[in-house]
Amino acid sequence: MTIHEDVQEVLLTEDQIQGRVAEMGVELAHDYADRQPVLVSVLKGSIVFLADLIRATELPLAVDLMELSSYGAAMESSGQVRILKDLSGSIEGRDVIVVEDIIDTGLTLNYLLRYLRERSPASIRICCLLDKPARRLTDIDIDYRGFSIPDRFVVGYGLDFDERYRNLPYIGVLRPSVYGGPEPRT
Amino acid sequence: MAAGLTGATGPRFAHASEAELARILDFYQVAWRYEPDVFPISWNASGAVVECFAPDFYLPEIDLYLELTTLKQSLVRKKNRKLRWMRLLYPETRVKLLYARDFRALMLKYGRLDFLYEVLGANGQSASSRTLTSPRPSEPAA
C-alpha cells in the first residue's frame, strides 16, 4: 500500500506546481531587484514550497524558519499559540517575505504578521502556494498567490494529515475515509 | 448577551461548538465578543421590532461578525433567511456564516474530530452541558 492510494483526486499536478513556482520565483526576482529579502517560512508545511521557491529565483536572499504551536496539538498546554522555534536572525530594517504553504482561516498568519511587525522590518509581503478563501476568518492581503483552491482537504507537497503525505509530489484531495469522513456519493 | 473584551468571566455559550470557536480565537489571540449586538430585521405595522439577528461573535480587530450554524437543517434555513435580510438592511456590516461543514473542516484541520463527534453526535444537534465551557473573552491585541 502506498500513500497515493489515500488520495481521492489530484488537484494540482507536479508539473502545474513546478510551473507556477517558477513563475513566482521570477515575480519575486523582478519585484525585489537590487534588494536582499529575508524569506520567513513556517515549519513544517512550507518546507517543500520554500525549497523549490528559493531555487526558482536568483535573488541574494536569506532564509529563516519559525515553528508555531498548533491549536489541536496544544490542547493540553497554555491555550495560546507558542513559538516553538523563533527567528534565527534579526529582521529589523529588512524586506521580509512570509512564505506559506496554504492560507485558509488566516489565524496563524494573522498572529505571525503581528509578531513580525513588532520586529520592525522594512516591509512584509506574503507569498503562499495555496489560497483557500472560503475558509478565511481574518483579513489577509496576499501579495503572491500560487493557486486559489476550492474548499477541499488537501495534502501533499509539504501539507500533511497527521504528519503523513508531505512527500507527495502533487497536491491531492485526501480520501474522506482516511480521516473518518463520509465518502462522496457516486 | 454581550461580553466585554476584558471581562473576568466568560459568557455562557449556547452551544459547545461556540465555546470551541472561542478557544480557537483565544489561542490565536484574535479578540472577540460574544453576541454583542442585536440587529432588528423585521417590524410590524406599528413599527415595533418583531425579529432580530444577533450574530454569535464579533471580531473587533477585523470588524467581522461570525454566526456559527451547526444545528439542524430547518434552523440553518432560518438563519440563512435572517442573514439575507441582514445583508439587505445592513449592507456595510460584514457577517460570515460558518456552516456545519465549515466547523467540521476547522476541527479536521486541528485534529479535533473527536470533539466534533462528542458534541454534535450523529445528527449534529446535541450539546452536552459539560462541554459548554466558557473561556474568558480575549484581551485586545497589543
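Predicted model: local features only at pLDDT ≥ 70, side-chain atom pairs only at ≥ 80, totals over all residues.
Is A:Asp131 buried or exposed? Its relative accessible area is 3%, and because the cut-off for buried is under 20%, A:Asp131 counts as buried.

Now look at what surrounds this residue. Leaving aside residues up to four places away in sequence, A:Asp131 touches A:Ile103, A:Arg136, A:Ile142, A:Arg145, A:Phe147, A:Ser148 and A:Ile149.

If you trace chain B from the N terminus, its elements come in the order α-β-β-β-β-β-α-β-α-α. Chain B has 142 residues, and 48% of them count as buried. Take the contacts in chain B between residues at least 6 apart in sequence: 64% of these join residues at least 24 apart. As for its surface, chain B exposes about 6900 Å², with carbon and sulfur atoms supplying 53% of that area.

Next, turn to the place where the two chains meet. Here 29 residues of chain B are in contact with 29 residues of chain A. Together the chains bury about 2500 Å² between them, and 59% of this lies on carbon and sulfur atoms. Which three residues supply more than any others of the area that chain B buries against chain A? They are B:Phe27, B:Tyr28 and B:Leu108, which supply 29% of that area.

Eight residue pairs are in polar contact across it, counting pairs with both residues at pLDDT 80 or more. There are four salt bridges between chain B and chain A. For an example you can find in the model, look for B:Glu61 and A:Arg114, whose side chains meet in a salt bridge with an N to O distance of 3.6 Å.

Which parts of chain B form its side of the interface? The elements that each supply at least two residues are α1 (16-27), β5 (64-69), β6 (95-99), α3 (100-109) and α4 (113-120). Of the elements of chain B, α3 gives the most to this side, with seven residues. Sorted by class, the side of chain B that touches chain A has 17 nonpolar, one polar and 11 charged residues.

Notes. Residues numbered from 1 in each chain as written. Chains lettered and ligands numbered in written order. Heavy atoms only, no water. Buried < 20%, exposed > 50% of the residue type's maximum accessible area, 1.4 Å probe, protein only. Contact = heavy atoms within 4.5 Å. Buried area = accessible area lost by both parts, 1.4 Å probe. Polar contact = N/O pair within 3.5 Å; in protein donor to acceptor, adjacent residues only side chain to side chain. Helix = DSSP H or I, 4+ residues; strand = E, 2+ residues; numbered from the N terminus. Nonpolar A, V, L, I, M, F, W, Y, C, P; charged D, E, K, R; others polar. Areas by Shrake-Rupley, 256 points an atom, 1.4 Å probe, with all protein chains shown as cover.
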